[in-house]
Amino acid sequence: MAVIALAGCSGAPGVTTSALALLLSWPVAPGRRMVLAECDPDGGAVLHGLLQGSLGDRYGLRNLSVAARKNEFSDAFWRQLIDLSSEDGRKDSPRDRLLLPGITDPVQAASLGSVWKILAQMFRGIDAQTQHDVLIDLGRRGAYGPSGVLAEQADAVFVVVRNTLRCLQAAEGRVRTLEERVGDVGVVIIDEGPYPAGEVQRVLQVPVVATLPYAPKDARVLSDGVEQPRHFTRSPLMKAARMASTPLMQRAALRRARLDPRGLRAAGGEVSRAR
């Protein structure tokens, strides 16, 4: 069980696409769930990317600000989740891969000032009481402003970078700032450029925990909702994402044990109405 945050930097490193690949390939045990929350204050991408606007904007983070004011946050949270575990919408979907869509306009972020902290507590409650795993997509800015509390409360934070000179230069300052806020961080590489993991680790001075292939054709299935090629779930991108789940979880578990060796972490949040 873990709460894992993914953050990015300038240069469109592919945080949301990586998060979706992890969500859809994560090994989920029976009775467990994986929840992906789009918490990028610049706006979410899945509703009009992967889902192609098919659900409009009825669901999402923006609805939680009203719920928070009415003390109805827990009920509202579970109603906002979209089931991504079934490709064809069949009724027997296991509902074990769920999405909380992000805001649709950056202007909406101004109304979420009180929501970020409640949401961070909610994620910890989901993890502790219902043993669900949570992925948080913080985008490029979410780890550094008011929503940074989500990074602070996560078990582990990973910066998604492409191993190109431009992205690595942009990532250096972001990694240092994030380290100051949350302590140790790790890196997930999108393997587009010429620099091997060891060089990335030397430049950024943080461990490279996982590497995903640069696979534009497969990535567009997740980022833009293009038609899936045959055997998409066995593509190099999805295989690598499935393999990445193990080191991500291991690092989260090690960091949690180090920060809370007696397992006394406060659950927080209301999770009793998990559906």
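Predicted model: local features only at pLDDT ≥ 70, side-chain atom pairs only at ≥ 80, totals over all residues.
Biologist: At roughly what angle do the axes of helix H1 and helix H8 cross?
Modeller: Helix H1 covers residues 15–25 and helix H8 covers residues 216–224. Their axes come within 9 Å of each other. Angles of 65 to 115 degrees count as roughly perpendicular, so H1 is roughly perpendicular to H8. The axes cross at roughly 90°.

Biologist: How do the residues of the contact of H1 with H8 divide into nonpolar, polar and charged?
Modeller: From H1, the contact uses Thr 17, Leu 20, Ala 21 and Leu 24. From H8, it uses Ala 219, Leu 222 and Ser 223. Ala and Leu count as nonpolar. The division is five nonpolar, two polar and no charged.

Biologist: How far apart are the end C-alpha atoms of helix H9?
Modeller: Helix H9 has 24 residues, numbered 236–259. At 1.5 Å a residue, H9 should span 34 Å, and the distance in the model agrees with this. The end C-alpha atoms of H9 are 35 Å apart.

Biologist: Which proline follows the bend of H9 within four residues?
Modeller: H9 bends by about 25° at Ala 244. Ala 244 is also one of the buried residues of H9, among them Leu 237, Met 238 and Arg 255. The proline that follows within four residues of the bend is Pro 247.

Biologist: Is Pro 146 buried or exposed?
Modeller: Pro 146 is found in the loop between strand S5 (133–137) and helix H5 (149–153). Its C-alpha atom is separated by 9.8 Å from that of Ala 110, 36 residues apart along the chain. A residue over 50% relative accessible area counts as exposed. Because Pro 146 has 65% relative accessibility, Pro 146 counts as exposed.

Biologist: What is the relative accessible area of Gln 205?
Modeller: Gln 205 lies in the loop between helix H7 (197–204) and strand S8 (208–213). Its phi is near 60°, a positive value in a residue other than glycine. Gln 205 is exposed, and its relative accessible area is 62%.

Biologist: What is the phi of Gln 52?
Modeller: Gln 52 is found in the loop between strand S2 (34–38) and helix H2 (64–69). Gln 52 is not a glycine, although its phi is positive. The value is about 55°.

Biologist: Leaving aside its neighbours within four places in sequence, which residues are in contact with Arg 32?
Modeller: Arg 32 is found in the loop between H1 and S2. Contact means heavy atoms within 4.5 Å. With its neighbours within four places in sequence left aside, the residues in contact with Arg 32 are Met 1, Asp 96, Gln 131, His 132 and Asp 133.

How values were computed
Residues numbered from 1 in each chain as written. Heavy atoms only, no water. Axes fitted to C-alpha atoms, helices over the stretch in contact; angles between N-to-C directions. Helix = DSSP H or I, 4+ residues; strand = E, 2+ residues; numbered from the N terminus. Parallel < 35°, antiparallel > 145°, perpendicular 65-115°, else oblique. Expected span 1.5 Å × (residues − 1). Bend = angle between axes of the 7 residues up to and from the residue. Buried < 20%, exposed > 50% of the residue type's maximum accessible area, 1.4 Å probe, protein only.
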